[in-house]
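Student: I'm new here, so please pick one part and take a close look at it with me. After that, just keep going.

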Amino acid sequence: MSSKEKEVTETSEAEIAVHWGEEQLIHPSTQFIAQANVTDPAVYERFSLDNFPNCFKEYADLLSWYEYWHTTLDTSDAPCWKWFVGGKINASYNCIDRHLAKNKNKTAIHFVPEPENEKVEHITFQELYVRVNEFAAILRDFCGLKAGDRVTLHLPMVAELPISMLACARLGIIHSQVFGGFSGKACADRIVDSGSSVLITMDSYYRSGQLLDHKEKADTAVADAAKEDQKVDKVLIWQRYPGKYSAQTPLVAGRDFVINDLLKKHYGARVDPVKMPAEAPLFLMYTSGTTGKPKGCQHSTGGYLAYVTGTSKYVQDIHPEDVYWCMADIGWITGHSYIVYGPLALGASTVVYEGVPNYPDPGRPWRIAQDLGVNIFHTAPTAIRALRKTGPDEPQKYNYHFKHMTTVGEPIEPEVWKWYYHSVGKGEAAIVDTWWQTENGGFLCSTVPAIKPMKPGSAGPGMPGIHPIVFDEEGNVVPPGTGKAGNICIQNPWPGSFQTIWRDRERYVREYYEHYCKDPKSKRWQDWPYKAGDAAVVAADGYVRILGRIDDVINVSGHRLGTKEIESAALTVPEVAEAAVVPVKHELKGKEPDLYIALKPGLTGSDDLAKRIQDAVVKEIGSIARPRKVWIVSDMPKTRSGKIMRRVLSAISNNTAVGDVMTLANPDIVTEITKMVQGK
Ligand code: WT7
């Protein structure tokens, strides 16, 4: 991409956010401050660069260690950072066992089924302990799994998902949970990349009132993985209704095992937590990048757990007596860090809700909050927009009170922020806008809620111990307060950061560090700023406004989809010669993909073909990637050297100015496509 072309792409990606003015600061209430975990501004001093890396001991000390570490940060293999080296720890022990002495009878997980006539399940820490142990016994004794092995989970939002994760963690097995909404094919790709021989899934689950057959995806996943020489020996299946198999898809003898049946043989089993080195991988989380296949972000045990526990306490303001509800899906990093590991490490009660937010009506989240006494709420702008649109007056009908609310995943429009604050939060809740990524493990920018005021539309300053810096393409610093955007980087490593891309260190270095590395041979962390891949503007007060991705990633409903992944899915349809995907603004989802297709010579488009292409995308990736529209065009707008001009397509899809197209090889096509898409 030429630098000129790149500039234009950046501006259009950033467009929604850029026109927002600087907003007024809003201060949290005195009641919030009076009870907050962190109220002393000296926290920023304690976590200053001068005190780096030892400042992070403060987070690590929130955990129980079998052996304390001798080196806080080992940079000898830069930029693969090792935190708390020498330390031994178990994540499952920290989230469960250590709470038993005082709190075994307290709810760890409130599981809320989507159908409102089904009872909420309140799983105590004791019950969680029993279920995790018994399932860990199956993994160890029936499956023969051990520390370092990978297991793929393809589970919906049910209590069995954290139970499965914590059972893996107990044994040091690296779990790789694939978002339940992803297709069997997408699951297969992740099984192959991670080298999993066991798949943990569920027969069915509810979504928008329908009991979906989920097990059928496992059959596709196993078959597709086999084509790439990754054999899955065992598929372990949880039952949505224990004791009753609720999928249409039959079980495969010798391969599929119903967990409920296996559990009978492991009744009462207890599995000692394995003492894992701090830097042992805890899990993989796949995410999309600019090119090629999804990358497996490898997260560590000690550093990751310390970081999510620390930030859950300092930013989410979780106290053990809180009822905390993060409405994300555990299939994304938000759910791993801020539904499972962070809240449970702190001994709080965490809510797992099976279904969609506005099922059966947009009052549902507020009834859940009222019934369970939720006092901390966490969600994404896409859900806030949808709830605001469909039920703007619903929150006031219910008697719940949040002290704290989070927004995450994409920029939030100040107008939407204000509805969240006044209507959902009833003007009582402190809001944090948290900016971070799958790669990061936990928050990078956010206010510490009792210390820094809120600014609608801005994520806030770098977290304590996180020191952002904005560079232009050439590596010059763009100073705060200039109103200019650039590439946001973090100057220092932090314990929650991923360790590498699973089995692809070269890509890890290239995509995140190469651009701004001062010396590729250096072993000093100072020479390796982390490039996030977002454009950002920093105000004079240090508050960061994130403008959007600088690469070919589309953020749909707060989740990353690679344009290349969608395009390759389209190319699996034999008639397709070329595919180009561009982001289109969407009222609720933030962005949606629009798919342009050119067919092989001599072929003509039809509705049926467009439908088949759309289906191919859903089959390869999942319905989250479903294009708004498939436009079959006679040719793509191209440069003279034959490159597809996605920015021109993007302008057409978004009704913005296409700019000068006379240098294209085929300028006439622009008029033709504009007519097709905009009808003029
Ligand atoms: C991308 C990361 C981190 C969990 C959810 C998404 C965008 C994330 C914000 C925010 C503006 C945000 C960025 C980032 N993003 N949070 N508060 N304000 N943009 O994780 O799928 O890895 O996506 O989401 O563009 O790079 P992810």
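Tutor: Let's start with helix α6, residues 125–142: its 18 residues reach 25 Å from the first C-alpha to the last, close to the 26 Å expected at 1.5 Å a residue. That expected span is 1.5 Å times one less than the number of residues. Helices here are DSSP runs of H or I with at least four residues, strands are E runs of at least two, and both are numbered from the N terminus.

Before going on, know that this is a predicted model, where local features need pLDDT of at least 70, side-chain atom pairs count only at pLDDT 80 or more, and totals for chains, interfaces and linings use all residues. Residues are numbered from 1 along each chain as its sequence is written, and side-chain values use heavy atoms, with hydrogens and water left out.

Back to α6: its buried residues include F125, L128, Y129, V132 and the run from N133 to L139. Buried means under 20% relative accessible area, exposed means over 50%, and partly exposed is in between (1.4 Å probe, protein chains only). After the helix comes G144, with a positive phi near 70°.

Positive phi turns up elsewhere too. Most residues other than glycine have a negative phi, and most peptide bonds are trans. D317 has a phi near 55° and sits in the loop between α11 (302–314) and β16 (323–326). D317 counts as buried because its relative accessibility is 1%. K426 also has a positive phi, near 55°, in the loop between α15 (414–424) and β20. At 23% relative accessibility, though, K426 counts as partly exposed. As for cis peptide bonds, one joins F52 and P53, with omega about 0°, and another joins Y359 and P360, with omega about -5°.

Now for some strands. In β26 (residues 553–556), V553 and N555 point one way, I554 and V556 the other, and all are buried. β26 pairs with β27 (residues 559–562) in the antiparallel sense over four bridges; to pair, two strands need at least two DSSP bridges between them. V553 stands opposite G562 in β27. The hairpin has two residues between these strands, and S557 takes a positive phi near 50° there. Strand β30 (residues 630–633) is covered on both faces, with V630 and I632 buried on one side and W631 and V633 buried on the other. β30 pairs with β29 (residues 590–599) in the parallel sense over four bridges, and W631 is the bridge partner of Y596.

Last stop, the ligand. Of the 18 residues around the ligand, D433, T434, T438, D534 and R549 come nearest; a residue is near if one of its heavy atoms lies within 4 Å. Among the polar contacts (N or O pairs within 3.5 Å), a ligand nitrogen is 3.1 Å from a polar backbone atom of G409. A ligand oxygen is 2.6 Å from a side-chain N or O atom of D534. Taken alone the ligand exposes 560 Å², and the protein buries 97% of that, with areas from the Shrake-Rupley method and a 1.4 Å probe. α12 (333–345), β20 (430–434) and β25 (544–549) are the elements that give two or more residues to the shell around the ligand.

Note on methods
Polar contact = N/O pair within 3.5 Å; in protein donor to acceptor, adjacent residues only side chain to side chain.
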